[in-house]
Every structure is written in structure tokens, then in C-alpha cells.
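I opened my notebook today to look up a few things in a protein model.

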Amino acid sequence: MKENQQSVLVESAARFPPPKGVKLSYGTAGFRADASLLESTVFRVGILAALRSLKTGSVTGVMITASHNQVSDNGVKVADPSGGMLTQDWEPFADAIANAPDPSSLLQLIIEFAKKEDISFEGGRPAEVLLGRDTRPSGEALLDAAKQGISSIVGAIGTDMGVVTTPQLHWMVRARNRGMEASESSYFHQLSSSFRCLMDLKPEGIRKNVDDNTLVVDGADGVGGKKLDHFKKMLTGLCIEVRNRGDGMLNEGVGADYVQKEKVAPRGFGPADAGLRCASLDGDADRLVYFSVKLNENDKIELVDGDKILSLFALFIKEQLSILNEGESNKENDSYRAHLGVVQTAYANGASTDYLKEMGLEVVLTPTGVKYLHEKATEFDIGIYFEANGHGTILFSEAFLCRLESTHKTLLSTSEGSAKQKTASRLLAVSQLINQAVGDALSGLLLVEVILQYMGWSICRWNELYHDLPSRQLKVKVVDRTAVVTANAETVAVRPIGIQEAINAEIAKYTRGRCFIRPSGTEDVVRVYAEATTQDAADALASSVAELVDQYLGSGTT
């Protein structure tokens, strides 16, 4: 690294001293904290994003958001060239530079890391980073800090994409690296045109059983509500009413996280909305849940969570693949037979996993965290993943899409208008509608609406696919959370020795009992999840296993 580059880094870093006594860690959500503590961290993430761009020779992204957190918080995360999350290999470096105590320590870390990663600062393509932020008041100043971090790498270019949803920023990074236009208008155009295509391909004669064409959406008083309010004008065949679109406090009594956890209607919804199909976005529009307000029960709702969204998507994709494969022998059809997989974590309700398996779908579990779900989904021709909180998407492999496009071209020339040709068109349109970079509430919402119309289903019919088993989550304070070691996607505790056998003995006491423990990633607690056929049984199972955890390694249950 040349002296000029070193000087620029040191001088720039001196303007952003880290707050004393604060240690931050880069997780699935990037860095998150009270916004007043983040300027230094965001500056340094700007440097990291520029270095990642130099390393890969591609465009990267920086998103300023704290998603469903309170408005006084903020955060920052990096979008990799694929549009996905920052590669896990770079997370320790993110932690190290965020917590470097002074400019000289920061410089030394960068020099050592650049050498290890063989990052060249001269002669190659200059670093380029796309920046976005949500609607938080602190976002503008933090975005400026990120820009200064990027520009402290000589020649690096930071492009401000403005106020955008998190999925929009990730989509734009992916688009740029695939040679496509990366703008909000191109994002909306791709979603609206693929939505229109799918609506035009609805089968004739399907009995219309949807509530009506109106969908009422809680925008969480965040960026998603504002964007949807604008975008809805581009959609035909669907009437959307957006509430909580920025006139109230962000994430306060609103949003997908609040609705999913509390199982109550968000602010602005009440008994008058009984019978309507409703949906809720989270603060940065990367989570989506549906709900219907119960009649004469105050703010109680029927929740349709991420597990049910996954089930709807999986049923639809499975049906399309069945039509495509109809009448073909295995040998003839191997050219485009798809390996469809559904990916969940152990926190998915057991009733959903059982239902998916009963439908003949392949279900695999991963450890908790979107990064694990996304990575596993890439192993399939079509991989579908969702968490109960409403974060998820569908991934199509490039190899499968190539085969599908070839098949579609053949069908157009030999049997245009046939069921198979229309099915191939549908699958291609789904691959364009769904955001394959990250979970996206806006694209997910449109796909839900298309499928409900295709099936002729109301939200009530959809919710009847299966009934969730009652569950309970607890946490137990422990001296050292690392004493718990799990295996089999966190469903089995292999340490401490003997605890799993004790848990199994408790599970055996309950009909359809299921329970697992896992260490928290951020605090010295062990989390307990339990299910059974009644709420009392689920509560009792969770309590008895929490007591076991306390006996083996705890210091009191909370």
C-alpha cells in the first residue's frame, strides 16, 4: 500500500473516533446499535465495502438500516456482489476494524488483511459501492460517514441510491453485477411486468374464492409503506390500500415483527377490518406476514406467518413442476426435471414441517440464521426458504433457468398456448418476480397475491392448510453459553454430556412433543423452544427443559 493511500486512511479515520467502551459485532443483521454510537463503525464499513469491491472486481453495497428496531437505533450491513449478505469469511475482519481503538491500529489491520487477501490498490478496476438508507432521521449523517469511508480508498466510487428498502439495495447490487440497469424504476418495472405476466396466465374457469381484489397493508411507518404506496399505481388486477406509511412512529405498534410476535393487529387496524385480507411489512421491507382481524375480539388476529407463506410457494412451485413433467418418462424429462427443496430452521412450527413432508416435498433444516438458510437453498435447482418471522425467498439455479428457457422456447414453437408452455412461462415469470438476492416483502407480497388468485383461495382457505402446534420459547441465564454444543441443525445438544437424554425423557411425556435448546449468539443465555398439542403442555415442556438447563449449567431462569 502506497504512502499516499496510508495517509488518506489515517487522516479520514481521525475524523471518526470510535465511542469509548463500546464493542460491536457483525451478525446476520450487520452492525446495529443506538444511532449515536455508529458513525465510526459506518465509516469503517464503507472502507470494508470498498475493499470487498477491489477483492472481487465487482460492485458491492452498503445499506444503512436497523430494520424492525426502534427509530432511535440504526445499523449498517454490506451487500456482496451476488446481492446477498457479506461472505461469512469477512465477518471477523468487520469486527476487528469496527473495534480498532485508533487510526494507526485500523491502518495496520487493513494492511495485514489486504496482504492476506491479495487485494491490490493500484492498477485494477476501481472500487464501486452502491449506498442506500431507510427513513430513519439518523440515516443521512450515517450515509455521509459511509461515503467518506469509501472515498478513503483512493479512486473508490460511492453512488448514493437514496432512500430505498433493504431488498431494493441488494437487488440493485445484483443487477449491476449482471450487466442490468440498477435503479428503483428498473426494480419496479421488473416486478410489475412479471406480476402482470403471471396475472395474465391465471387458468380460466378457476372459481374465484378470494376475499376480493383489495389488500390492506401495514407499512410499519417505514420505507416499505412509502414505496408500496407509489408502486401500487403500476399494478393491474390488484387494489392495495397502504396504512402506516410514514405518518406515525417507525415500528411502534406496527410492522411484521410486532404482528408476528405479539399476534395482534397493528396500529390503525381494528374490528372494522374483520374479513379483509391484510399484510404487514417490517421497517425496511425485508419481512412479510399476512393476517386477518378477528370479529368482536378487540385486536386479536389470525396470523399467517412465514411458514404458511413458504407452504403456499412450495405448493405452487410443486404443482407447476408436475404439469411440466406430465406425460414425460423420467429419461426423456431429465433435461429439465428440477430438484425442489424446502429449507427451514428448527424454529419452524412442527405442523408446517409435517405438512410439507406429507405433500411429498423435500425438507431440510439448517442452523438458525438467514445466511444458513440462503446458503442451503442454493444447493437445489429451486430452493425455497422462510423463517416464521416472514423473511425468505425462492432461489432458482442458473443451470435450471437455462434448461427452462430452452424448454420454453421449444414449447413456444411446437405447442404454444398449451398447459406446459404456460407453466414454463409462469416459472420464468416467478424467477423474475421474486427477489433472489434476499427476502423482499414487496416481491413476496405480489407472489402471494398471484398464487391466491391462481388457486382461487381466500386468506382463510390458505390459513387452513394446517394448524400450528402451540409453542413456547424461554431463555435461561447461564455462566457460559459456549458450554452448550449442538448438532443436527441445532436440534440435538451434544454438550453438556447427558442433557439431551434428559430432554428426550421430558419430550416423551407429551403428545407430539418437540423441544430443543441452543446457545444465544449474543448473550450468556440458552434459548429453549418447545411444542406440544396444547398450550399448557408446551408451557410445561419448556419449563421442565429450562429447569434441566439451569441444573446442568445455569444461574437462574428468566
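**Before I start**

I am working with a predicted model, where local features need pLDDT of at least 70, side-chain atom pairs count only at pLDDT 80 or more, and totals for chains, interfaces and linings use all residues. Residues are numbered from 1 along each chain as its sequence is written, and side-chain values use heavy atoms, with hydrogens and water left out.

**Entry 1**

Strands pair if DSSP finds at least two bridges between them.

I found an open sheet of five strands in the order 1-3-2-4-5, with mixed pairing. Strand 1 (31-34) and strand 5 (157-163) are its edge strands, each pairing on one side only. On average, neighbouring strands here are turned by 15° against each other, direction ignored; axes are lines fitted to C-alpha atoms, for helices over the stretch in contact, and angles run from 0 to 180 degrees between N-to-C directions.

I then looked at strand 2 (residues 60-64) and strand 4 (residues 128-133), which pair in the parallel sense over five bridges. In this pair, Gly61 stands opposite Leu130 in strand 4.

Which strands does helix 2 touch? Helix 2 (residues 39-56) packs on the sheet against strand 1, strand 2, strand 3 (73-79) and strand 4, and its direction makes about 160° with that of strand 2. Contact means heavy atoms within 4.5 Å. Helix 6 (residues 166-177) packs on the sheet too, touching strand 2, strand 3, strand 4 and strand 5.

Next I traced an open sheet of four strands, ordered 12-11-13-14, with mixed pairing. Strand 12 (362-366) and strand 14 (392-396) are at the edges with a single partner strand each, so one side of each has no neighbour in the sheet. Strand 11 (residues 340-345) pairs with strand 12 in the parallel sense over five bridges, and Gln344 stands opposite Leu365 in strand 12.

**Entry 1: two helices**

I looked up helix 14 (residues 398-415) and helix 15 (residues 419-433): their axes come within 9 Å and cross at roughly 145°. Their contact includes Leu401, Leu404 and His408 in helix 14, and Ala424, Leu427 and Leu428 in helix 15. By class, the residues of this contact are seven nonpolar, five polar and two charged. Ala, Val, Leu, Ile, Met, Phe, Trp, Tyr, Cys and Pro count as nonpolar, Asp, Glu, Lys and Arg as charged, and the others, Gly among them, as polar.

On a 1 Å grid over the protein atoms alone, a cavity is a set of points where a 1.4 Å probe fits but cannot get out, while a pocket is an open set with protein on both sides within 12 Å along at least five of seven lines; lining residues have an atom within 4 Å of a point. Points are joined across faces, edges and corners, and a volume is the space filled by probe spheres set on them.

The second largest pocket has a volume of about 490 Å³. Among its 23 lining residues, Ser82, Gly84, His374, Thr378 and Leu395 are the closest to its centre. Helix 13 (370-377) and strand 14 each supply at least two lining residues, and helix 13 gives the most, with four.

How many cavities of 30 Å³ or more did the search find? My answer is one, from a search of the whole structure. About 40 Å³ of space lies in the largest cavity, and its lining includes Tyr26, Lys77 and Glu91.
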